[in-house]
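Here is a short briefing on selected features of one model. Open the sequence and structure alongside it.

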Amino acid sequence: MLKPTVDCSSLRAEDEGKDVVLAGWVSSWRDHGGVIFMDLRDIGGITQVVFGREKSSLGTEKERELIEKANSIRKEYVISIKGKVQRRPEGTENKKLPTGAVEVIVEEVEILNECRELPFDFKNMEAVGENTRLKYRYLEMRSGRLRENLIFKHRFFNETRNFFSGKNFLEIETPFLTKSTPEGARDFLVPSRMNPGKFYALPQSPQLFKQILMVGGMMRYFQIVKCFRDEDLRQDRQPEFTQLDMEMSFADEKDIKNLLEEYLAKVFKKLMDVDLERPFKSISYEQALYKYGSDKPDLRNPIEIKDITDIARESSFMVFKNASQKGMVRGFKVGNGEKISLSDIDRLTNEIKDLGAKGLAWMRFRDKKLNSQITKFFTEKQLERISSRFSASEGDILFFVADKESVVLKALSCLRDKFYSPDDKRYEFVWVEDYPLFEKDEETGALKSMHHPFTAPKEDNFNLIKNNPLKIKSRAYDLVLNGSEIGGGSIRIHSLKEQKEILRLLGVSSSEADEKFGFLLKALSYGAPPHGGFAFGIDRLVEKMMGLESIRDVIPFPKTQKAYSPLTDAPSYVNTKQLKELGIGLDSEETLT
């Protein structure tokens with residue numbers, strides 16, 4: 001094989017006259033009157049190579065053979081060529097390419113592999129369906145669609161490792177085959193052949209292991225790690241994803257947040273040449289919900305939600321009045337409301353009905369007052385108070401939802417997004433904190449952890465644990481970027497007594513606690529230091545940094561929304577022999593034999 005001496009992105013005008021060897025894929029092939037041009041591509045870029053441009057010392061017979069061989073080459077063939085660098089003729093330079101000032105006159109070519117007919121046109125990838133692109137993911141990469149994304153992600157990994165290593169963190173691997181401790185999403189289970197009837201679980205997070213590392217005195221840990229969740233896939237989720245995991249001993253919330261802000265500022269500056277404003281904004285969980293309808297607010301959106309439950313309670317509009325007794329009435333203002341038609345409002349109403357809302361009320365501010373079909377149910381004084389609360393002015397329209405809290409917030413959050421189309425490149429980070437430690441399960445009424453059962457409560461809140469546990473605030477903190485949660489963390493419980501009490505409140509018996517978490521509880525009994533940490537969803541963060549639309553655009557081999565791989569046809573059936581070795585029997589006979 002002709003082994004490359006340079007890559008396809010490196011040649012410049014000053015390389016004229018050099019003898020080089022290039023190797024790669026034929027990106028394009030053109031015959032101009034017996035002179036054949038090819039664009040040769042590798043991961044770095046493209047160089048134009050030319051057959052038959054000039055008579056050379058090869059001799060007539062060798063030149064004829066070279067042209068014949070060139071004529072047999074087609075797009076996406078893998079070739080290597082040897083030749084001499086020369087400047088392109090004046091007027092034929094390609095200023096769009098770094099190598100566009102030169103070309104290589106081919107003296108020798110080797111066809112390393114042929115390429116069958118392509119299933120789609122690389123130049124029209126937008127027209128290719130996602131399943132087809134995922135089935136031929138290697139071709140999508142070769143087309144250039146994914147190349148820059150994956151290179152960027154590699155650089156992100158490098159910067160991450162450099163930063164945390166420079167802060168005396170140790171990169172430590174944690175197990176992939178571990179114990180099933182189902183909390184929230186379902187575990188992926190792996191049967192054990194050597195222990196019949198028993199199963200490993202693939203980790204949803206290294207949570208318990210990183211806490212145990214703190215007990216082991218490792219003090220500062222990080223890891224770029226794969227995690228797995230067998231959950232019903234919502235839009236833009238994956239059953240396996242990459243996480244940046246970190247944990248620190250003898251640290252509080254301020255220490256961890258400062259460290260992470262410094263890390264993100266360095267990564268954004270190095271990779272994006274963006275200066276992040278620090279410190280990041282902070283908002284309480286309650287403020288986020290009531291002001292933006294979501295604990296993942298996009299702060300680029302200027303629309304804010306206001307509460308009029310008190311005014312609604314005094315009105316004669318029964319929809320509002322009834323909702324104000326056990327729920328709430330909230331809304332927001334939109335400018336240029338005259339552009340919003342009744343058919344637009346009907347469409348928005350139908351959209352929030354899918355979220356459980358019963359309807360959408362509205363008022364327009366015209367001629368210095370609010371007008372709509374429902375304003376007759378309000379006194380002038382009440383309407384003036386509503387106008388004042390929203391700072392309404394001529395042309396504004398106010399939208400309201402009246403229902404139980406969860407429905408109102410979900411509907412208004414959805415509507416708020418409908419009226420905002422981000423057209424800037426800002427990165428708006430916000431810490432969301434002061435989460436409740438517990439929430440009620442809507443089906444059973446039992447307490448459950450809002451984050452996970454190893455999150456520490458606020459130090460001055462633990463006295464509420466017996467009489468009013470729902471009022472306890474946690475030491476959790478999530479980081480949101482442009483409306484997406486990119487990571488979350490907390491200060492952990494390091495006291496064995498406190499951890500047992502939290503598990504008891506969650507309805508976990510002593511025997512069940514020992515069965516599920518005994519290895520952690522035992523570790524906590526051996527002098528666990530105060531500690532806390534954080535985990536970033538790397539795929540989501542990189543997607544946001546690059547302004548992409550889906551995390552699948554930064555994952556080399558993603559699954560579909562049904563957790564299926566068109567490339568490998570996974571998951572797939574296995575043969576009965578494999579199942580017997582594992583001691584597994586299936587109700588269905590649909591296994592390969």
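**Around N461**

N461 is buried, because its relative accessibility is 12% and buried means under 20%. The model is predicted. N461 sits in the loop between β19 (447-449) and β20 (476-481).

- Leaving aside residues up to four places away in sequence, N461 touches K471, I472 and K473.

- Five strands form a closed barrel in the order β1-β2-β3-β5-β4, with mixed pairing.
- From one strand to the next, the twist averages 55°.
- β4 (residues 78-87) and β5 (residues 102-113) are antiparallel and pair over 10 bridges.
- I81 has V109 in β5 as its bridge partner.
- Helix α1 (residues 60-72) lies across β1 (19-32), β2 (35-41), β3 (46-51) and β5, at about 70° to β5.

**Aromatic pairs**

- The whole structure holds 29 aromatic pairs.
- F320 and F378 are edge-to-face, because their ring planes stand at 75°, with centres 6.0 Å apart.
- This pair links F320 in helix α9 (residues 318-326) to F378 in the loop between β15 (369-371) and α11 (380-390), 58 residues apart.
- F320 is buried at 1% relative accessible area, and F378 is buried at 6%.
- F399 and F419 are stacked, because their planes are at 25°, with centres 5.4 Å apart.
- F399 is buried at 0% relative accessibility, whereas F419 is partly exposed at 25%.
- One aromatic cluster includes F156, W431 and Y477.

**Charges over rings**

- R74 lies over the face of W29, 4.9 Å from the ring centre.
- The charged end of R330 sits over the Y290 ring, 4.2 Å from its centre.

Key. Residues numbered from 1 in each chain as written. Predicted model: local features only at pLDDT ≥ 70, side-chain atom pairs only at ≥ 80, totals over all residues. Heavy atoms only, no water. Helix = DSSP H or I, 4+ residues; strand = E, 2+ residues; numbered from the N terminus. Buried < 20%, exposed > 50% of the residue type's maximum accessible area, 1.4 Å probe, protein only. Contact = heavy atoms within 4.5 Å. Pairing = 2+ DSSP bridges. Axes fitted to C-alpha atoms, helices over the stretch in contact; angles between N-to-C directions. Phe/Tyr/Trp six-rings, centres within 6.5 Å; stacked < 30°, edge-to-face > 60°. Lys NZ or Arg CZ within 6 Å of the ring centre and 35° of its normal.
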